[in-house]
Amino acid sequence: QIILDESSFSNNGYLGYNMNQEAEDILWNTNGISLSCLEFDGNHKVATIPNSPSLQLEGEVTIEFWYMFKDSQQGIVMRQEGADCGEVFSFRLGTSSFGFTTRKCGGSIDFGVVYNFELNEWYHIAYSYDGDTSKLHVNNEVIGEYAYPNVLFPSNEPITIGFSNEHINGLIDELRISNIA
């Protein structure tokens with residue numbers, strides 16, 4: 001199943017790790033922020049966005065989405081650089097905290113905050129980086145900042161939604177990645 005990108009970049013994704021994988025357990029839920037959203041069941045399900053020049057995370061960036069917890073879990077978006085270096089970034093999310101990790105060969109930067117999320121409520125979650133400072137946002141409020149230059153690294157790998165250390169059990173809608181902090 002194809003996930004359509006509504007931006008002018010046409011970064012269409014698909015359910016599963018590759019185009020040929022059966023991904024029937026990821027559901028389209030009609031209770032999204034705007035029409036339908038993706039529902040993950042906490043059971044090895046992912047959506048994938050292939051690599052594209054418009055998704056190279058360098059300089060200023062914002063990664064944002066709406067999320068509703070159905071259970072406690074960790075992980076939303078993960079970008080891989082390859083087997084030798086591990087992930088380039090991951091967005092961790094659980095009912096009592098969330099954070100952002102960037103990694104390249106030889107080191108990583110882990111930035112997290114404590115925040116109590118309620119089950120079955122929509123939250124607007126965002127990470128922004130202006131070239132010097134990383135910020136974590138909930139419902140348009142900055143809840144944590146970390147000053148560190150050059151934390152993002154470009155990658156040729158796809159972005160996967162729904163898996164990091166644990167598979168997610170919740171709804172995700174309106175994922176947006178932009179080059180504006």
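Tutor: Happy to! Let's start with T133, which counts as buried because its relative accessibility is 17%, where buried means under 20% relative accessible area, with a 1.4 Å probe and protein chains only. Keep in mind that this is a predicted model, where local features need pLDDT of at least 70, side-chain atom pairs count only at pLDDT 80 or more, and totals for chains, interfaces and linings use all residues. Residues are numbered from 1 along each chain as its sequence is written, and side-chain values use heavy atoms, with hydrogens and water left out.

Student: Okay, what does T133 touch?

Tutor: Leaving aside residues up to four places away in sequence, T133 touches S128, E145, Y146 and A147. Contact here means heavy atoms within 4.5 Å.

Student: And which strand is T133 in?

Tutor: T133 belongs to strand β12. Strands are DSSP runs of E with at least two residues, numbered from the N terminus.

Student: How many residues of β12 are buried?

Tutor: Five of the six residues in β12 (133-138) are buried, so to speak mostly covered.

Student: What does β12 pair with?

Tutor: On one side, β11 (residues 122-129) pairs with β12 in the antiparallel sense over five bridges; two strands pair if DSSP finds at least two bridges between them. β12 also pairs with β13 (residues 141-147), again antiparallel, over six bridges. H137 is a handy landmark: H137 is the bridge partner of A126, and its partner in β13 is V142.

Student: What about the turns?

Tutor: The β11 and β12 hairpin has three residues between the strands, and G131 takes a positive phi near 105°. Between β12 and β13 there are two residues, with N139 in the turn at a positive phi of about 50°.

Student: Where do these strands sit in the sheet?

Tutor: The sheet is open, with seven strands in the order β3-β4-β15-β6-β11-β12-β13 and antiparallel pairing. β3 (27-29) and β13 stand at the edges with a single partner strand each, so one side of each has no neighbour in the sheet.

Student: New topic: which residues line the largest cavity?

Tutor: The lining is F100, T102, I109, F111, Y127, S134, Y146 and V151; lining residues have an atom within 4 Å of a cavity point, and a cavity is a set of points on a 1 Å grid over the protein atoms alone where a 1.4 Å probe fits but cannot get out. β9 (97-104) and β10 (107-114) each supply at least two of the lining residues.

Notes: 1 Å grid on protein atoms, 1.4 Å probe; cavity = no way out; pocket = protein on both sides within 12 Å on 5 of 7 lines; lining within 4 Å. Helix = DSSP H or I, 4+ residues; strand = E, 2+ residues; numbered from the N terminus. Buried < 20%, exposed > 50% of the residue type's maximum accessible area, 1.4 Å probe, protein only.
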